Amino acid sequence: MNAASKPTYDELLSRNNLLEKSLALSNENYLLLERNYSVADKNYSKLNENYSHLSENYLQLENKYKVLFDRCEDLQQKNYNIQFELFKLKRMVFGSKSERFTGVENPLQSKLEFELEALGNKIIETTTINAHTRNKVNIQPRQHKGRNGFPDHLRRETTMILPEGGTKDLDHIGEEVTEILEYNEGELYVKQIVRPKYARRDGEGMVTAPLPPRVLEKSQFGNSFAAHIAVSKFVDHLPEYRQIGMFKRQGIYLSSSSINDLTNNIGRALIPTYEVHKASVLSCNYLQMDETTNRVLTNNKPGKTHQGYYWVCRSPVNNSVLFEYRPGRGRAGPRDTLRSFQGFLQTDAYSAYDEFGLHPGIILFHCWAHARRNFVDALSNDKPTASKMLEMIQELYAVERIAREKNMSYDERYALRQEASIPILAKIYEWLKDKILTITLPKSPIAKAIAYVFTRWEKFCIYTTNGMLEIDNNLVENSIRPVTLGRKNYLFAGSEEAAQNAAIYYSFFGTCKLRDKNPSKWLIETLDELPLTKPEDLYKLLP
């Protein structure tokens, strides 16, 4: 080996020092890296903890957002419902009550062609002017036909007025008769029944003719007076206190308790006849049914009232109506009333009627007027959609109007509905099926109106299966109107018994109206005949 290539001691020492320095520097770097790693590890742990906290906070915020979003939607829906109810109340108080809807012209609806009656006789005068000829039309007013005369059965009270100066030099050639309608207050009179007393000559007692039988044997009021009180209250809607005031003006002083007892006692006497009437109404094979409210004094809470209900059945076939009072609106009311009924039952969609759709022998179907009413209410919510549905419902009613105007028989009306109403119903069903999938607010008025019809579709179509059936139950609603007018005047019934007595009066007087009978005359004749009528002959007393 070459000696010149060997490093010297100093070079080796220098290299060793350099290596030691490099090692020391590496150790320092290693320690620094170790410290940095420790710091980074701590920072990573903190970041990991912060991430966990942020994740938890995010989930909490997300849940809170969902709750607040749902709450916001709920409040928006409630706010809209309140605004909608306010709109309905304002319309109920200040607006028109009519549900009439005027849409586009309907080809099914018959056009009314008016022939303008001549206002007078035309007299055409021709005037010639240098440049042209002008026709001037003068219209002479048509001669008045005169006022309608008064019925012949009214008593005439004649006053003769002679010319001043006498008629000695005059020849009588005719008369000018002027009739003026006058009024005397209804006459109250006292009917005396005199029964002479006779003593037997043999000394064995006294003989007196018996009193004729009366409904209220010990009452001081006669049948005609009782009928006047009842008709004034339940037909003319005059509360008893007003009638008492009217009698007071004629010098007749009656207590409210006497009049109230008279009304209730007559109602009790009519109960057997009412039961016969009830059986007659329920024996019909087609009834319309509805209910209405009436306030009734609570027996165990003096001065307090509770909400009572009249359940009303009307037979469109034999023109009769039945009212029954119940203290509540539960299923027990119609269940008890319709216990023996068999046939078609037309109602609204109130849940108390649902069970009758499951009864054998009863065919439950619904009323298109209630369906239309929901869409009328929804006009303020979604006018285009509601208007479209109302136009189609109008087409259904146009078919009914044609049948009514032509006075069709049941078979003819059935044939007309099969030809005209069935295609309209098919169109409505397809429209409802499309719309129910596109409504975004399920609790909005338009959504409720659509669901009301769509979920009960079959029951809305049943009326087309029989010409006897009506498209709606407006007839029974018309029979309920006297109750509505009455409760605005007498406000409440004094007891549960008084409420049921009122149902008896409303049943008989409502049937009298449907059959065009004078309710006062009917009640007087019934009260006269009732004591002499056997139970099996009570049907002869019905209106």
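1. Helices H8 and H9 pack with their axes 9 Å apart and at an angle of about 170°, where axes are lines fitted to C-alpha atoms, for helices over the stretch in contact, and angles run from 0 to 180 degrees between N-to-C directions. H8 and H9 are therefore roughly antiparallel to each other, given that angles under 35 degrees count as roughly parallel, over 145 as roughly antiparallel, 65 to 115 as roughly perpendicular and the rest as oblique. Among the residues making the contact are Met-389, Met-392 and Leu-396 of H8 and Leu-416, Ile-424 and Trp-431 of H9, contact meaning heavy atoms within 4.5 Å. By class, the contact of H8 with H9 has 13 nonpolar, 2 polar and 7 charged residues; here Ala, Val, Leu, Ile, Met, Phe, Trp, Tyr, Cys and Pro count as nonpolar, Asp, Glu, Lys and Arg as charged, and the others, Gly among them, as polar.

2. A word on the basis of these values: this is a predicted model, in which local features need pLDDT of at least 70 and side-chain atom pairs count only at pLDDT 80 or more, while totals for chains, interfaces and linings use all residues. Residues are numbered from 1 along each chain as its sequence is written, and side-chain values use heavy atoms, with hydrogens and water left out. Helices (H or I, at least four residues) and strands (E, at least two) are DSSP runs, numbered from the N terminus.

3. Helix H8 covers residues 383–405, and at 1.5 Å a residue its 23 residues should span 33 Å, which agrees with the 31 Å between its end C-alpha atoms; the expected span is 1.5 Å times one less than the number of residues. Asn-407 lies in the loop between H8 and helix H9 (410–435), and has a positive phi of about 50° although it is not a glycine. Most residues other than glycine have a negative phi. Asn-407 is exposed, with a relative accessible area of 67% (buried means under 20% relative accessible area, exposed over 50%, partly exposed in between, with a 1.4 Å probe and protein chains only).

4. Asp-516, in the loop between helix H13 (496–514) and helix H14 (519–529), is not a glycine either, and its phi is positive, near 55°. Asp-516 counts as exposed at 73% relative accessibility. Asn-319 is 197 residues from Asp-516 in sequence, yet their C-alpha atoms are 10.0 Å apart in space. Asn-319 belongs to the loop between strand S6 (305–315) and strand S7 (320–326) and is partly exposed, with a relative accessible area of 29%. Leaving aside neighbours within four places in sequence, Asn-319 is in contact with Arg-314, Thr-511, Leu-514 and Arg-515.

5. Helix H2 (residues 223–234) and helix H3 (residues 240–249) pack at an angle of about 130°, with their axes 9 Å apart, and are therefore oblique to each other. In this contact, Phe-225, His-228, Ile-229, Ser-232 and Lys-233 of H2 meet Glu-240, Gln-243 and Phe-247 of H3.

6. Ile-259, in helix H4 (residues 256–269), is buried, with a relative accessible area of 1%. Leaving aside neighbours within four places in sequence, Ile-259 is in contact with Phe-225, Ile-229, Glu-240, Ile-244 and Leu-254.

7. Of the 10 residues of helix H10 (residues 445–454), 7 are buried, so the helix is largely enclosed by the rest of the structure. Its buried residues include Ile-446, Ile-450 and Tyr-452.
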